[in-house]
Amino acid sequence: MRPAYPSHMATKPPRTDIDEANVRVTRPKKVAVGVPAVLHALQISNDQMGVERSIRSLLRVNQKDGFDCPGCAWPEEDKRHIAEFCENGAKAVAEEATIRRVGPEFFAEHSVAELESHDDWWLGQQGRLTQPMILDDGGTHYRPIAWDDALREIADTLRGLEDPNEAIFYTSGRTSNEAAFLYQLLVRGFGTNNLPDCSNMCHESSGSALTETIGIGKGTVSIGDIHEADLLIVAGQNPGTNHPRMLSALEKAKNRGATIIAVNPLPEAGLVRFENPQTVKGVMLGGTKLADQFVQIRLGGDQALFQAIGKHLLECEDGLALSERQRVEVSTGSATVSGVLDHEFITAHTSGFDAYRQAISEVPWRELVSGTGLPEKTLRRVGEAVRLSKATIVCWAMGLTQHKHSVATLRDIVNVLLLQGNIGRTGAGLCPVRGHSNVQGDRTMGIYEKPSDAFLDALDREFDFRPPREHGHDTVAAIRAMRDGTARVFMGMGGNFVSATPDTLVTEAALRRTDLSVQVSTKLNRSHVVTGRRAIILPTLGRTDRDRRGGGEQRVTVEDSMGAVHASRGRLSPPSEDLLSEVAIVARLCELLFGPAVGARPSSEIDVDAAVEVDHGQPEHTEIPFDAPAVDDSKGPASRGAGVRHPHNAPQADWAALEHDYALIRQHIAAVVPGFEDFEDSIDKGRTLFLPNGPRDERRFATADGRARFTVNPLEYPVIPRGRLLLQTLRSHDQYNTTIYGKDDRYRGIHGGRRVIMVNPKDIQVLGFADGQIVDIVSEWTGADGVVQERRAEAFRIVGYSTPRGNAAAYYPETNVLVPLDSVADVSGTPTSKSVVVRLERREA
Ligand SMILES: Nc1nc2c(c(=O)[nH]1)N[C@H]1C(S)=C(S)[C@@H](COP(=O)(O)OP(=O)(O)OC[C@H]3O[C@@H](n4cnc5c(=O)[nH]c(N)nc54)[C@H](O)[C@@H]3O)O[C@H]1N2
Ligand SMILES: Nc1nc2c(c(=O)[nH]1)N[C@H]1C(S)=C(S)[C@@H](COP(=O)(O)OP(=O)(O)OC[C@H]3O[C@@H](n4cnc5c(=O)[nH]c(N)nc54)[C@H](O)[C@@H]3O)O[C@H]1N2
Ligand SMILES: [Mo]
């Protein structure tokens, strides 16, 4: 065995969060939300924002004419409560609307070397970024830089590359539609499709499986369908923490008689019982019992489960699967088994049924039992619930997308729903529950390394340029390219690339090899302190901030998890007058790279300051005269080293105008992206725009043969070597991805620390450890060369927890160091963050 990385590449991970000695463990909670959650949220809000700002901002979350909650992508209910926010939405707002500031004094005081010793929690707690900063080659501290200089530095470095594919442009999922659309145009205008995004690590497997089988990479339900479902299967998702507003929708369904089945290795609080803080019943009567059945499945066992459901349905149809009791029920007329499948739907709308039926009939039940770790009786019980349901929805999140066989698993979910025609009718369908609040919108806007020809053709028509056709790097490929020196510039539109990606030490070394790393950010994180030779921080407005540009107060739009697009407008005064919106930053870069529109004035000559004042009467930002030629023809885009260039091979638009009036960007979007034709009108009327969804709206499937596809997927499930555990890396209740709000995971009963590993008590004993013991976690991965590689995360406290034998859980991002870069899902390339083979090691005293 050898370490996964040469020692010269390894940096020391920050140790300030090794707080295992402080960890306190109590009994996990069965109930989610309720009054304690609201109080906790209010306390965090007050700490970060003060009382007045708290009330002003929380009252505006998800209200008409307010801002879209940056917390998650779960859609809003039609009828909004006065305070349509949840505990974790409130924390997300507080984190952004904080009154703490990170200005030039902060950077003068703290060297980058010192900042590097801090974790994401500490960095995030310092407050909002207020001014552009640059770290020079060989510099020890960031220093302030004017906007124009910073942007010119970026444009010049990009122009200096030999090939546009040497640049990587990452996007996180909070970026608005308007900013995302402009950003992908910048990147394609520059000449590359290197547009990796957080989706690559998140729902890429869903997109891959759904596009192949139903012709659209999105779910097929609306919020109304959730309410009307007869059966909801919630698999691989912890909504009590990550999508708390979903619990209200589930409660509504439940009150109408729906059955809910939770499929999870962990008994997550919200799914067991939910107290709705917005109803008397929730507060006074102990809430609604949500899950009727909790299926404690083994990690990675879901493909086996859905094959078992399919097998049960097919056997019922053939009259093979009747138990003694069912035979009695059928003979007494109290139950029927015929009509299990929707043959009409199968014949009219699908292909591949016979092959699927044949393949499933050949899978032995004992394999399905081994794969799930559940007895056949339990699998049949779930199958029966599906058989009896008149309308079934399957919801899922990261527990299903971050495994090697995730795409196959999701295809098998599609198979099960197709059997009963559960797509394109009320109360039924596929429901991938998205994470970041606009991650789905960003994709719709073209943030994608593998754009379709249709999308590129539309861009070409609208902006009169030839976008590159060659596919770009996804997240993992981008890390490899930087590691190998074939990518030399990194730009992150939000997010925290260093901490969110797998194989932390490899990723850190990769970023350090770049010539320039640029982060457009609201708050400090590890991606600002682990950098290229030079680094630039561009501070930007968040969702809650008022955004005034030349054309007046701007709104942006976002798309939720169910394809509904609506406006969002921040109301709080921004943390500093020297912030630019993401749109403005990208528009100015476009102008620097592609030149101003013919006849248009460069954006920095437009006198917005005179007209626009922020709350405190200060100019919103200081403009520096624009004096450099926007495009140097001798080495500008037209003659960069990247192959033949068309004379008009840069997108043509009036960048300055777009910067100052986002409605003009929406006009371009309407011309390029199908479904946005009435965009501005809907937004103006305060309406939600529902994007067309073929499968949902009219059972129309945009696959090669126009049919939804049954697929045959050989059964896979993880086999755990002796003496090892399979580790999933997940979120605590006190974090938003790499943003750590605090050190408690209240529902799971873990307090005061994050370096814990949850293990089945029997495994703790069998492996020769004790609850409370401090261990190192060592991951083992066999590389392509057949050699076993090891990666180590130091000092974790063992916590005995209810999880299947052989399975363990620990928090992300502390454990990302254990996830091998090459361990990715088939087809989608998503890192396998939910299945990492590890062993525990005693720590040397
Ligand atoms: N407060 C808060 N809200 C968030 C986020 C946040 O960090 N904080 N993040 C946002 C983002 S980007 C996303 S993608 C979502 C993430 O939302 P989730 O997917 O809920 O997030 P995770 O914490 O990764 O939880 C994974 C869940 O799947 C279960 N699981 C793991 N492996 C398996 C498996 O093999 N099978 C089954 N059946 N279950 C499994 C885990 O036990 C856990 O309950 O939340 C979004 N909302
Ligand atoms: N091991 C493991 N790794 C994972 C996962 C896992 O479950 N396990 N989950 C994966 C998933 S699902 C996801 S989505 C990714 C998340 O990956 P990212 O999206 O890259 O990470 P975040 O932590 O959400 O990014 C937080 C940073 O975004 C910036 N930010 C916040 N709001 C804004 C804004 O409005 N504008 C701009 N410009 N910046 C803003 C702040 O500076 C903040 O520090 O992580 C993935 N990584
Ligand atoms: Mo995500």
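**Exercise 1. Polar contacts of ligand 1**

Find how far a backbone N or O atom of Asn 238 lies from an oxygen atom of ligand 1. Then look at Asn 264 and Gln 728.

*Solution.* Work in this predicted model.
Step 1: a backbone N or O atom of Asn 238 is 2.8 Å from a ligand 1 oxygen.
Step 2: turn to side chains. A polar side-chain atom of Asn 264 sits 2.6 Å from an oxygen atom of ligand 1. For a polar side-chain atom of Gln 728, the distance to an oxygen of the ligand is 3.1 Å.
Step 3: check the cover. On its own, ligand 1 has 920 Å² of accessible area, and the protein covers 99% of that.

**Exercise 2. The shell around ligand 1**

State how many residues surround ligand 1, and which helix gives the most to the shell.

*Solution.* 
Step 1: count the shell. Ligand 1 is surrounded by 33 residues. The closest are Asn 264, Glu 268, Gly 300, Asp 302 and Asn 737.
Step 2: sort by type. The shell holds 12 nonpolar, 17 polar and four charged residues.
Step 3: sort by element. At least two residues each come from helix H11 (239-242), helix H21 (398-401), E26 and strand E27 (735-736). H21 gives the most, with three residues.

**Exercise 3. Strand E33 and its partners**

Decide whether the residues of strand E33 (residues 807-811) are buried or exposed. Then work out which way its residues point and how strands E26 and E30 run beside E33.

*Solution.* 
Step 1: judge the cover. Five of the five residues of E33 are buried, so the strand is mostly covered; buried means under 20% relative accessible area.
Step 2: recall the rule. Side chains in a regular strand alternate between the two faces of the sheet.
Step 3: apply it. Asn 807, Ala 809 and Tyr 811 point one way, while Ala 808 and Ala 810 point the other way.
Step 4: take E26 (residues 725-730). Five bridges join E26 to E33, and the two run parallel. Leu 730 is opposite Tyr 811 of E33.
Step 5: take E30 (residues 756-759). Three bridges link E30 to E33, and these strands run antiparallel. Ile 757 has Ala 810 in E33 as its bridge partner.

**Exercise 4. Lys 252**

Explain why Lys 252 counts as partly exposed, and list the residues that Lys 252 touches.

*Solution.* 
Step 1: Lys 252 is in helix H12 (residues 244-255).
Step 2: list contacts. Leaving out residues up to four places away in sequence, Lys 252 touches Glu 77 and His 227.
Step 3: Glu 228 is 24 residues from Lys 252 along the chain, and their C-alpha atoms are 8.7 Å apart.

Terms used:
Residues numbered from 1 in each chain as written. Chains lettered and ligands numbered in written order. Predicted model: local features only at pLDDT ≥ 70, side-chain atom pairs only at ≥ 80, totals over all residues. Heavy atoms only, no water. Buried < 20%, exposed > 50% of the residue type's maximum accessible area, 1.4 Å probe, protein only. Helix = DSSP H or I, 4+ residues; strand = E, 2+ residues; numbered from the N terminus. Pairing = 2+ DSSP bridges. Near = heavy atom within 4 Å. Polar contact = N/O pair within 3.5 Å; in protein donor to acceptor, adjacent residues only side chain to side chain. Areas by Shrake-Rupley, 256 points an atom, 1.4 Å probe, with all protein chains shown as cover. Nonpolar A, V, L, I, M, F, W, Y, C, P; charged D, E, K, R; others polar. Contact = heavy atoms within 4.5 Å.
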